[in-house]
Amino acid sequence: MSSDNKITRRDFIKGAAAGAAAAALPNLATTPVAAQSTSTVPAKWDYEADVIVVGSGGAGVACAAAAAEKKASVIVVEANDKIGGKTILAGGNLGIGGGTRMQIAKGYVENAEIIYQDRTDWTLRTDKTMTVEDVEGGKHTIGQWRRIAGAEDAEGLSRVFADRSLDTWNWLDKMGCPFIQANVSEFANVYRGSRYYTTTTPKPVNREGKPTDMMAGGAGLVWPMYDVAVKNGAKFFLKHKMTKIIREGERSGRVLGIQVDAGGKTLYFKAKKGVFLGTGSWKGNKNLKVLFLPWLIKYPHVSGEPYVNNDGSGIQAGLDIGASLTTDRGSDWHGWHRHAGSHWHSIKEPYGLPGTANEPLDNACIYVNANGKRFMSEEIGEDNPAWVGGSKPFYFAQICALQPGNEHGPIVWIILDDDARAKQKLDFTVGKVVYQEMYANAPTIAELATKINVPAATLTETVTRYNTLVAGGKDLDWGKKELAAKIEKPPFHAVMWGIQKHNTLGGLTINAKTQVMDWYSKPIPGLYAAGECAGGMDLIGLARPILFGRVAGETIADEKAI
Amino acid sequence: MTAKGQAHEAHISWIKPAPSEVDAGSDITLMLQIECALKCTLEGQIKIEDAAGVVIKELALVSSEEQTNGTDEFVVKAPIWPGKYSWSASATCKNEEGILHVASPVSFSFTVKPHATSLAVWDIPSPVVIGSPFKIKVGVQCSAGCKLAGQCVAVVTQEGLQMGTATLGEGPWADTNTLYWAEADVAAPGSEGVFEWTVKFAQPNLEMAHAEGSYPFAFTAAKPPDHVVTVQVVDKEEKTPVPNALVMLYPYRGTTDERGVAKIGVSRGEYELRVPKMDKWKSYWTNIKVEQDLDVKAELSLAPIDPS
């Protein structure tokens, strides 16, 4: 259904005036939280549109573009001063397929039924086993990664995902997303959404930035969707953070709009057709960490930081008005990133230092804690299919979480010699690649220990012991299989792991139309969600937010306006 | 002219006192000031003396906007021999009217430590062939950065038997400023096994006192090879050679050349052939039995990549 309620300049002037009036009212932004928890429909709305989109990551811009294309008026509010959320920093490997032109060009066969079966039929998942280690170093052989837990339709989401994959890929292709080619990779059907994912040409994250600024495949997806949304009338409000979802009753009735904090000023945005939440993960929210994955509180950093903070406030706002939660279906199993020398993931100038481009090979280094002792096999998780790229499974992060730490999380030093550094061409340039406090080198292990503030005698003993194990060809202490090199050639290097949670899966419960559900499995009228703030399918990467963001945009645009 | 009875009482206080422990011959940075109960502005000399009254340092008081009656930071050299030392600071000053200010000498104590030394041992053959002398590199570093050229190191067994010696060369090892190194010729063990020997830096002949240092190193001794295993390492998908790949046939090992080939001499027996994870490839391993010269092809698969 189309709407005549395009946002006009007059609306903006009116809105600005209303904003000024709101600012003259008692300071709502500083009203105690308890008072804010009761439903309050504002006497006057500052802005209104058919669709109020909260967050401009992959889900948000897909929703905005799809809704705007269907002639709905759209306002996007974004807490950050830049659009794109975490998606814009992503590698751009898109797990959407179903028979795309690039899949056909490579001879890859995939259709909606194959995608659906891959998502729901556990017998199609291989029956490989993997060995995991518990926190005491014990080994357990268990079945394939999420063989059963992930194989389900998830409120009908898998069916929709399968059926809408091809036309969503074509939608992105047509709007100019710079796709390169289809690729095959191991377990892609399990964790990406398509057996044959598409790579995307990296584009500048900041369009107005310097040529040397960060490039990312995710930017190649976000900017075309943003352009389509803007071309069709969508308005983006940066540095506007949603503080509350406004529903008719405290936990009843329709969702009418949202309350927003704009630099200390409280504004109200009315959604005539629906509010869409694309507010990202809960992984930076302590309360939600405790709920979903308690030991995650040991890790203060999240991937995408400091570009985004994933504070989970969208999920909390949904809970406040009666939404239900879907449990996390496996982000404990995967989705960890570790970067030597940096606390961030996929962040480069001007946002931060990226850390070393390649992680030091496990078989040519050791990990030690702040006491200078090894505490695990460095190749932990190598037989886990959830290991992808720089990711390590939960038990790597869980064991690290038991080590002494500081305000940045557990302290884990990688110790390697100059042979290992040279063979991998590892760059440890301080201030450019690695942070000063996360790197040191020295001619001897004893001096290295002094520089990184671990006991010199202990670190010397640890390295000597490791070298003896390498000479003997067997890791009697931690069972590491590949003892490729001793740590002996000066200068010696210590670089600290920055460990971040890459992604999460649990969130607000949504149905196949992306409507947010309440505890009684009833849709909350006027409220939609997708991306990491929503629960459901066990997919990581860009496919889930973009496809369901688009589904939400189309669905809301077709709703009747209030 | 100032009468003795008119002298003001003053005392010395430290702004930057001496640390309790210092390295032999190192710089000790000090700073102090004179305080007069009547707030006089003073001129005069500060003197640092050792326990025998030998003057270590003399310097003038300075006055500036930041402070009055004090010194700038100044440096004295610590003794070169280890031990406990007690020195003193005294002052002779006058104010603008020429009134003498008398401050009792203030003593301060510190312990002089020998310079610490730390060692590294590298380029140890793997394996060492039993009965055949081998070479290793040995480096020694002084905590104070002293030049250690010409000093001797020794390689000893766990039983204390000396197996080799070396004299540290003139220049430090590449990418270090202070690691003086040498190549040592070492006699090999006469039997197979894993050995843990020690390199010792003892009784150094240096101007400053230096602590002795030692560093253990481990190696495997194996029989001389009698067959050659030729391993061709290729990318499984592209069928292209993989150079610089480590090929392990424990305890023997080799590295592939530009053609992706490693020729490794081994003794007769059963081995796990392993090409450890590197670059974009996953690990490869297989079991082989060597009874004669052997050709093996190792195909490396690509590791999965980041999903995002």
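Q: How many salt bridges are there between chain A and chain B?
A: There are 2 salt bridges between chain A and chain B. Keep in mind that this is a predicted model.

Q: Which side chains meet in a salt bridge at 2.9 Å, N to O?
A: That's Glu482(A) and Arg274(B).

Q: And how many residue pairs are in polar contact between the two chains?
A: The count is 17 residue pairs, with both residues at pLDDT 80 or more.

Q: What area is buried between chain A and chain B?
A: About 3300 Å², and carbon and sulfur atoms give 54% of that. In chain A, the residues that lose the most area to chain B are Ala471(A), Glu482(A) and Glu488(A), which together make up 15% of what that side buries.

Q: Switching topic: how many residues are in the largest nonpolar core?
A: It has 133 residues, and those with the most contacts inside it are Met225(A), Phe269(A) and Leu277(A). Helix H3 of chain A, residues 58–69, brings the largest share of this core, 9 residues.

Q: What does Phe269(A) touch?
A: Leaving out residues up to four places away in sequence, its contacts include Trp45(A), Tyr47(A), Ile52(A), Phe237(A), His240(A) and Leu256(A). There is also another core apart from the largest one, with 58 residues, among them Leu448(A), Ile136(B), Ala184(B) and Ala188(B).

Q: OK, over to His339(A). Where is it?
A: His339(A) sits in strand S14 of chain A, residues 336–340.

Q: Is His339(A) buried or exposed, and why?
A: His339(A) counts as buried because its relative accessibility is 14%, and buried means under 20%. Not counting residues up to four places away in sequence, the residues it touches include Trp344(A), His345(A), Pro354(A), Met496(A) and Trp497(A).

Q: Now chain B. Where is Thr198(B) found?
A: Look in strand S15 of chain B, residues 193–201. Thr198(B) counts as buried because its relative accessibility is 19%.

Q: What is Thr198(B) in contact with, leaving aside its neighbours within four places in sequence?
A: Its contacts are Ala154(B), Val155(B), Val156(B), Ser214(B), Tyr215(B), Pro216(B) and Phe217(B).

Q: One more: where is Asp226(B)?
A: Asp226(B) is in a loop of chain B, between strand S16 (213–222) and strand S17 (227–235). Asp226(B) counts as partly exposed, because its relative accessibility is 43%.

Q: Which residues does Asp226(B) touch, not counting those up to four places away in sequence?
A: Asp226(B) touches Val266(B), Ser267(B) and Arg268(B). The Asp226(B) side chain reaches the backbone nitrogen of Arg268(B) at 3.0 Å.

Q: And how far apart are Asp226(B) and Gly265(B)?
A: They are 39 residues apart in sequence, yet 6.7 Å apart in space, C-alpha to C-alpha.

Key
Residues numbered from 1 in each chain as written. Chains lettered and ligands numbered in written order. Predicted model: local features only at pLDDT ≥ 70, side-chain atom pairs only at ≥ 80, totals over all residues. Heavy atoms only, no water. Helix = DSSP H or I, 4+ residues; strand = E, 2+ residues; numbered from the N terminus. Buried < 20%, exposed > 50% of the residue type's maximum accessible area, 1.4 Å probe, protein only. Contact = heavy atoms within 4.5 Å. Polar contact = N/O pair within 3.5 Å; in protein donor to acceptor, adjacent residues only side chain to side chain. Buried area = accessible area lost by both parts, 1.4 Å probe. Salt bridge = Lys/Arg side-chain N within 4 Å of Asp/Glu carboxyl O. Core = buried A, V, L, I, M, F, W, Y, C linked by side-chain atoms within 4.5 Å.
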